[in-house]
Every structure is written in structure tokens, then in C-alpha cells.
Amino acid sequence: MSRPSRSAVRWPRPRGLRARLLVAFALVTVLGASAAAWSGARSAGSALVASHQRQLAGSFTDRIATIAPTLTYPPDQEALDRLRAALGTDTVVTYGDGRSASGDGSGLITEELRAGVRERHRLLTQRTVVGGTPWLLIGTPVMLTAPDGTRTPSGIEAYAARDLTGVRRQVDDLTRSAIGTAALALVPAVLLALLAARGVLRPVRDLRDTARRLASGDLDARTRPRGTDELAQLTVTVNEMACSLQASMAAMERMQAEARRFAADVSHELRTPLSTLTAVTEVLTDTTGDMGPDARESVDLAITETRRLVRLVEDLMEVSRFDAGTASLRPEETDLAGAVRECLRARSWLGRVDLVAAEGVRVRLDRRRLDVVVANLVGNALRHGAPPVRVLVRAEPDHVAVEVTDHGPGIPDGVRGHVFDRFFKADTARARTPGSGLGLAIARENARLHGGDLTVDGPAGGGARFVLRLPREPLGPGDPRERREAREPSEPREA
Amino acid sequence: MGRAGRAEERAGDLTGRAGGRRWHGSGTARRARWGWWVAVAVLLAGCSLRPSGVVDEGEAPTGVAPGVTLYFVDAAGELRPQLRRTGRLGTVHEAVTLLLEGPGGSGMRTRIATTDVTRVAVTATDGTIELLVPLAAADVTPLGIDQIVCTALAAHVQAGGARGTAVRIRFTLPGPGPDARRTCPLTG
């Protein structure tokens with residue numbers, strides 16, 4: 001990888017299934033055809049070479065056998081020259097110390113061949129390559145045959161070198177034509193590969209499309225299986241998976257709806273006895289003056305807890321309305337700064353809060369819901385944070401924002417993502433607080449009902465900062481579906 | 001073509017994410033690639049003529065001899081070979097011609113009638129040598145026929161001819177029997 005020379009010769013690796021099938025088919029075909037052509041060419045070539053060599057050697061001995069009876073024996077130099085002349089060029093004839101040679105090729109005779117001729121007394125050949133030219137070396141003793149057929153070496157040896165360039169050219173031609181034939185096989189291989197790739201790729205594409213539709217939420221998506229191969233089995237399996245997914249999703253939704261309805265029913269059923277209880281405690285409040293200190297403490301506790309219970313039930317019913325999608329928005333033209341100031345004034349918080357409000361910002365929003373949100377945020381800041389608590393109202397081109405900042409210890413990073421969860425308490429040791437545990441959840445639902453959002457972060461100076469952003473034009477009240485879709489992905493823990 | 005191209009593009013898109021796992025550089029792949037090249041090189045090299053060892057191509061040629069072997073009859077009446085030192089083997093024709101000229105001063109005898117005409121016609125066919133001798137069948141005893149047959153066969157075998165060859169002798173005046181194919185009783 002680090003060497004540039006390697007990366008320069010690296011071929012692009014085929015990625016698509018089609019390309020890979022194509023390459024595999026082509027490779028297999030070329031290899032198979034090459035192997036067949038090569039083995040054919042090789043055996044034909046070696047047969048050609050062998051027959052040529054045999055012919056050369058045969059012709060060599062035939063010439064010796066023809067001229068030998070006319071040679072004087074023991075041979076003199078003239079006899080050796082005659083024999084050599086009869087055998088053509090590139091020939092050596094020896095007898096003892098006598099020697100007759102002609103041609104450059106006579107120097108090619110190897111010692112190995114000479115030794116073989118002397119030991120075996122047979123006609124021997126050896127192929128050699130000198131300077132790129134292939135030569136056939138032929139060597140033979142001339143035998144002395146007795147009338148009864150007994151053969152003894154006469155001492156005469158004849159050697160010759162024969163050029164094999166012509167045969168090599170023929171063999172090379174054979175090889176070339178074999179390679180050409182192998183290359184021809186590539187064309188049908190590519191066509192076959194394309195056909196096979198089509199057969200494989202179509203079901204794969206269909207499956208992929210189905211998987212995409214399933215992933216994007218269309219649980220009715222299915223692929224019709226074709227044939228009985230592995231791809232068809234895969235298709236059937238994917239279909240079964242989609243079916244069971246659909247069934248479990250439906251069951252989950254049903255259970256969720258039932259749970260919500262149950263919560264709504266419970267809170268509704270609790271409201272009537274609670275009204276009675278509230279009325280009773282109010283009567284008790286008027287009569288605490290006649291009681292002893294112990295009794296008064298008990299009554300005060302009962303009153304506090306009853307109020308908390310009432311608040312919890314109200315919040316639960318509000319959450320149920322959000323869950324059921326029946327929460328409705330009643331927007332009206334409102335002066336934002338005035339609405340916030342009115343909210344703080346009604347709770348006598350103006351003195352404890354540092355309000356910085358941009359005046360004259362008018363937006364359409366649900367005053368009651370804004371009041372709920374601001375009261376919750378400021379209440380939390382006063383209760384859990386530390387002064388000074390700052391409320392900042394500002395206007396942006398496309399939205400308005402209400403920021404509530406305190407200077408308390410702030411919210412740890414780990415739990416910041418959970419503060420909007422229902423019944424979430426940042427400090428587990430301090431479980432009993434006046435709040436219902438639903439305040440922030442309801443505040444965020446209210447913000448989202450407006451098409452806005454409620455977020456929390458920790459500014460550099462410490463403390464916690466909640467930012468309520470509302471669009472200048474809120475969503476219409478009759479569009480609960482859109483509101484739900486905007487909410488669901490960000491709260492998977494709700495189930 | 002347009003459809004196929006689009007499909008390939010989409011298929012590439014589908015598998016492209018897994019393409020991050022590369023194995024070009026791994027040792028196994030590199031060894032495998034070297035293996036391919038070696039195989040191709042061997043294939044190509046196997047096609048041309050390479051040097052070889054010493055190969056046996058058969059019988060060595062023969063045919064040289066210090067003289068001609070002629071067959072005469074010794075004092076005991078037995079067929080005997082005699083080397084006539086002519087310096088070379090010569091042909092069947094020359095051998096039989098020399099035989100017809102007689103043993104000379106060697107002390108051997110011949111059972112072939114002397115004749116002034118020693119011209120012999122030799123016709124070699126497959127497995128048989130046919131001799132046309134300038135003699136009448138009556139001029140030659142059976143031993144004399146063996147002399148001719150053995151001499152012709154010896155020259156034939158010494159020149160590299162097959163040992164199983166037979167000889168048929170035709171006379172200018174044929175004898176009563178058929179022209180039999182004969183072999184030499186000494187050399188089989």
C-alpha cells in the first residue's frame with residue numbers, strides 16, 4: 001500500500017454483483033479454455049518435435065548404413081572424410097585419433113552425448129539451445145556385425161547437429177492458434193455471465209426494494225418469490241419476517257393505546273372522589289382553629305397531600321389528552337411580553353425574577369398553554385435553582401423565544417436528556433417535591449403543540465437554561481397527526 | 001443497455017458500503033497473485049523447445065567390415081567361413097561374385113562348378129534375397145547351394161540386414177525341385 005509502484009498497477013476491483021459474476025465467468029472460461037488449448041498444443045507440439053527428431057535421426061543412420069559397406073575398415077582419413085561428406089554439414093566423424101569435422105554446429109556436441117554413445121553403443125539424441133537456437137544433437141557409433149549377427153563397436157563414431165528452428169516455428173504457430181481459440185471462448189462466456197447475472201440480480205433488486213419499503217415504515221411491502229432456489233427461499237423468509245414484524249407492531253400499538261386509555265380512565269375516575277375530598281379538606285381548613293397542635297398538623301398534611309393529588313390527576317389528564325391526540329390549541333393574538341409578565345405577576349414572582357422582555361412582540365398562541373409552560377419553567381428555577389433567575393423574552397425573524405436561566409448547580413450532563421421524561425427526578429434522594437413529575441413533559445408537549453420546542457442546556461456561568469421556542473405562526477389546531485409524527489421519533493422511551 | 005447500466009449503478013450503490021473492507025494488501029492475496037503469475041509463466045514456457053537429456057533413439061547403424069565373409073568347404077567336407085580381406089564389406093552382389101570366383105590359394109574347396117561368367121543378379125524383396133546365378137542347377141551340389149546362401153546372407157546381415165532373411169536361388173537351368181527359400185545352416 002505504501003509503495004507507489006504497487007498502487008500504480010492495481011486494477012479496479014469489481015464491486016457490483018454483475019461485474020463480479022462477469023469477471024468470474026470470464027476467468028473460469030479463459031482458464032479452462034487455456035488449459036485445454038495449452039494441453040492440446042503441448043501434446044501436438046511434442047508429438048511434432050518427437051516425429052521430426054526421429055526423422056532426422058533415422059535419416060542420419062540410413063545414410064551411414066548406405067555408405068558404410070563401401071568404406072575401408074579400419075578407416076583412413078579419406079574414408080572418414082567420405083563418411084562425413086555423406087552425412088552433410090555440421091557433422092563430426094571420429095575413429096580413434098582420426099577426426100573429420102565440418103560446419104560450426106560440430107562444436108556443439110556435448111561430452112554427455114559422447115559418453116553415452118561410448119557406453120551404450122546406441123543411436124542417441126539430445127536437444128540443446130545455444131544462443132536462442134534449438135539444436136538436435138545426434139550421435140551414434142558405427143557397429144561391426146559378424147555374419148551370425150553379433151554386433152561389436154567398430155570404433156567409428158558419427159555426430160551431427162541439426163537446427164530445430166523450423167519445428168519451433170511450427171510449435172509456436174500451434175500455440176498461437178490455441179490461444180486464439182481460447183480467446184474466442186470469452187465471447188459466449190461473457191454472454192452467459194450476463195444472462196446469469198440478470199437471473200440473480202432481479203430477485204436481489206426486488207428484495208432490496210422491499211427491504212427499503214419496510215425500513216421506511218411500509219409494513220405491507222412484500223416480494224413475490226419466483227422459483228424454488230435459495231433466493232426464492234430468502235424472499236419467503238423476508239416476507240415472513242415482514243409479517244411477524246407487522247403483527248408485533250400492531251400488538252404493540254394496541255397495548256400502547258390500551259395503556260393510555262387506562263391512564264386516562266384512572267385519572268378521570270379519580271377526579272370525582274378527589275373533588276369531594278377537596279371540598280372536605282376546605283371545610284377542615286376553616287375549622288383548624290379549634291384543634292390541638294397535633295390534630296392541626298395532621299389536617300395540614302392531609303390538605304397538602306390532597307392538593308398534590310389533585311394537581312397530579314390534572315396533569316395526568318393533560319398528558320392523556322396529549323397521548324390521545326385530543327389536546328387542542330386555541331391560538332389568539334397575544335403580546336408575548338405582556339403574557340409572560342402577567343404569568344409572573346399572578347404568582348407574585350415579579351419581585352424574585354429578573355425579567356428582560358422585548359416589548360411589542362405580538363404572536364398568535366394559546367395563552368393558557370404559554371402560561372402553563374412559563375409557570376413551570378420559572379417555578380422549577382425558583383424551587384431547584386438559585387437566584388438570580390432571569391427570564392428573557394426575545395424575537396427572532398421566524399420565531400420567538402422565552403429563556404429561563406437560573407444560577408443553581410445546573411443539571412448534570414448525564415441526566416439532561418431525561419429531564420423531559422415523565423416522572424423523572426434529577427435528585428433521587430429528594431423524591432418528595434411538590435411537583436407532579438409531569439411538569440416538564442407537559443411543558444414540552446405544549447411547546448410542540450404550537451409547532452415549537454423546549455430545550456435545555458448548561459450555559460458557561462453554571463446553572464440551567466431552558467429555552468422555549470415558538471414559531472410566529474403556530475400550526476392549525478385541527479392537525480393532530482402531523483403533531484404526533486413530529487413527536488414520536490424523539491421519544492422512543494414513551495412506550 | 002440503459003436499463004442494465006442503471007441496474008448496475010444501483011447494485012453498485014447497494015454493495016458500495018461494504019467496499020470499505022479492502023484486502024488488496026493482505027499477504028494471502030499477494031501470494032495468491034504471485035501464484036497466478038507463476039502458473040502463467042509455466043504455461044507459456046512449456047510451449048517452446050527446451051534442452052533435454054540424452055535420449056535413446058534405437059539401434060546404431062552398421063555395415064563396416066575389414067572384408068567379405070565367403071563360405072567354402074574344408075578338407076573334412078564341412079562348410080567354413082573365410083574372411084577375404086578386401087578392406088570393406090561391399091554388397092551381396094560382390095560377395096557372391098567373389099564366391100563364384102573360387103577359393104583361390106587358400107586351401108579350401110568349393111562345391112560350385114567354376115564358371116567364366118561370374119555375373120550375379122541380386123533382387124532384395126521384403127524378407128527374401130533372390131539371386132540369379134549364371135549356373136545350371138546341375139552345376140551346384142547341395143553344399144554348394146549352402147555356400148551361396150551363407151555368403152549372401154552373411155553380407156546381408158553384416159550390412160545391417162535382418163537375420164531372418166531367406167535366400168532364393170534361381171539357376172539358368174532350373175533343377176527338378178521348386179525354388180525353395182533357404183537359410184544358412186551355420187548361422188541359422
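Colleague: Which residue in E9(A) is the bridge partner of Val356(A)?

Modeller: Leu392(A). Keep in mind that this is a predicted model, where local features need pLDDT of at least 70, side-chain atom pairs count only at pLDDT 80 or more, and totals for chains, interfaces and linings use all residues. As for labels, residues are numbered from 1 along each chain as its sequence is written, while chains are lettered from A and ligands numbered from 1 in the order in which they are written.

Colleague: What makes E7(A) and E9(A) a pair?

Modeller: Strands pair if DSSP finds at least two bridges between them. E7(A) and E9 (residues 389-395) of chain A have 5, in the parallel sense. Helices (H or I, at least four residues) and strands (E, at least two) are themselves DSSP runs, numbered from the N terminus.

Colleague: Why are E7 and E11 of chain A called edge strands?

Modeller: The open sheet has 5 strands in the order E7-E9-E10-E12-E11 (chain A), with mixed pairing. E7 (353-357) and E11 (453-457) each pair on one side only, so they are its edges. Neighbouring strands in this sheet are turned by 15° against each other on average, direction ignored.

Colleague: Which strands does helix H9 of chain A lie across?

Modeller: H9 (residues 336-346) lies across E7, E9 and E10 (399-405) of chain A, at about 165° to E7(A). Helix H12 (residues 439-449) of chain A lies across E11 and E12 (465-471), at about 130° to E11(A). Axes are lines fitted to C-alpha atoms, for helices over the stretch in contact, and angles run from 0 to 180 degrees between N-to-C directions.

Colleague: Why is Val400(A) called buried?

Modeller: The cut-offs, with C-beta atoms placed from the backbone, are 20 or more other C-beta atoms within 10 Å for buried, 12 or fewer for exposed, and partly exposed in between. Val400(A) has 21, so it counts as buried. This residue sits in strand E10 of chain A and touches, among others, Leu336(A), Val361(A) and Leu470(A), leaving aside residues up to four places away in sequence. Contact here means C-beta atoms, placed from the backbone, within 7 Å.

Colleague: What makes E3(A) and E1(B) a pair across the two chains?

Modeller: E3 (residues 123-130) of chain A and E1(B) are joined by 4 bridges and run antiparallel. One example is Leu124(A), whose partner in E1(B) is Asp56(B).

Colleague: How many residues does each chain put into the contact?

Modeller: Chain B gives 46 and chain A gives 55. On the side of chain B, H1(B) has the largest share, 8 residues.

Key: Two residues are in contact if their C-beta atoms, placed from the backbone, lie within 7 Å.
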